[in-house]
Amino acid sequence: MVGECAADSSPESTAFFCLMQNIYVFFSSSTNRWMTFISHTSTNITLKRKSDTRWSARYDMCFSLLKNWDSVVTSLINIRDSTSEKAITKNEPNGIFLHLNKLETAILVLFWSDVLERFNLTNKKLQSISIDLITVSNLYSSLINYVKQLRSTSIFEQYEKKALLLSNVKEYHENRKKKRKLAHDETRVNEIVQDSRTKFRVNTYIEIVDRLTSELERRKIAYDEINNNFGFLFNLTKLNSGELTNCANSLHKKYKTDLPSSFANECFHFKGYLISKSKTQPMTILEMQQFIIENKVQEVFPYIEIATRVFLSIPASNCSAERSFSALKRIKNYLRSKLNEELLNDYAILHIEAELVKTIEFDEVIEKFASTKARKKCI
């Protein structure tokens with residue numbers, strides 16, 4: 001999943017998301033604190049919490065903190081300096097404020113808001129009904145190129161300038177330096193000491209970008225492998241005889257039970273059919289499937305139709321699983337606590353396919369069920 005690789009790309013990003021979660025928990029755990037925050041905010045966007053099942057919640061959480069940065073800081077200061085609060089209660093907002101009052105935190109808020117926005121929109125596209133693996137692979141490639149561009153020094157300097165305006169903090173946080181033990185033949189003269197800015201850029205910012213890139217590239221490999229098997233179907237009219245034969249035979253070897261050895265011969269025939277229909281050539285696999293059905297040539301090209309169905313049946317992502325898990329509490333409530341697995345799965349399918357269920361006429365089904373289960377007997 002795209003959102004998953006963005007969630008915990010490094011220890012620093014994990015600590016950053018934990019900080020945002022702590023901010024939400026601190027304000028939401030008390031009505032008084034929440035009202036204090038609401039009184040200082042001027043936007044309709046409130047703080048969001050992290051969700052374990054919806055990766056888009058991380059974008060909502062980061063975006064809401066960015067929009068309410070000044071409100072959160074002001075609320076923390078007011079609670080910390082309040083005379084009516086206990087000393088223990090004041091320590092928590094003070095600790096959160098010290099973490100927020102850093103240039104590094106402001107840079108990460110801006111960086112993750114931009115990155116997660118792109119990842120969130122891509123995730124939504126991956127969940128669309130008409131998505132195919134070619135589009136998925138292209139979207140992954142675009143994300144990889146986008147993340148690689150963030151590695152440049154000029155982009156980092158832009159985030160620095162924005163973070164300075166956001167937090168009004170001009171210097172990086174100075175951590176306590178630990179001196180490394182030297183070997184017997186080593187001196188500290190040759191030791192390179194990095195300043196706080198370089199250390200943050202190299203050890204945190206670039207590390208996050210590199211991990212995101214490597215994770216995206218690792219996920220893209222699986223899509224590329226499938227696309228290499230079926231990709232020739234997009235370019236049937238452009239391939240020569242040798243290339244078409246090799247691609248068709250390669251796909252036959254991977255799906256021997258579904259495609260016969262004469263699959264290459266059928267591809268040649270279908271290529272000629274597409275050339276004869278030059279004005280209405282399909283552009284995607286889904287269009288090719290619809291093209292075969294609309295022209296009613298399934299019997300002429302049965303295995304081309306099977307190959308397109310196999311390709312279209314391969315899931316583009318596992319993002320749709322988030323929807324069913326998020327609805328599980330509504331499906332299996334205390335009134336249905338003793339549901340068996342089969343019935344629970346049926347309920348989940350009905351909930352997930354709610355739009356389709358609404359179009360079904362149940363009168364005939366109910367009458368049939370009533371007549372089958374009727375206890376009345378004709379005399």
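Colleague: What should I know before we start?
Modeller: It's a predicted model, where local features need pLDDT of at least 70, side-chain atom pairs count only at pLDDT 80 or more, and totals for chains, interfaces and linings use all residues. Residues are numbered from 1 along each chain as its sequence is written, and side-chain values use heavy atoms, with hydrogens and water left out.

Colleague: Why is the pair of Phe230 and Phe311 called tilted?
Modeller: Rings of Phe, Tyr and Trp (its six-membered ring) pair if their centres lie within 6.5 Å; planes under 30 degrees apart are stacked, over 60 edge-to-face, and the rest tilted. A search of the whole structure finds 20 aromatic pairs. In this one the centres are 5.2 Å apart and the planes sit at 50°, so the pair is tilted.

Colleague: What makes Phe230 and Phe311 a tie between parts of the chain?
Modeller: Phe230 lies in helix H10 (residues 196–230) and Phe311 in helix H14 (residues 302–313), so the pair ties together parts that are 81 residues apart in sequence. Helices here are DSSP runs of H or I, at least four residues, numbered from the N terminus.

Colleague: How do you know whether Phe230 is buried or exposed?
Modeller: Buried means under 20% relative accessible area, exposed over 50%, partly exposed in between (1.4 Å probe, protein chains only). Phe230 has 1%, so it's buried. Phe311, with 2%, is buried too.

Colleague: And why is Glu364 called exposed?
Modeller: Its relative accessible area is 65%, so Glu364 counts as exposed. Glu364 sits in helix H19 (residues 363–373).

Conventions
Helices (H or I, at least four residues) and strands (E, at least two) are DSSP runs, numbered from the N terminus.
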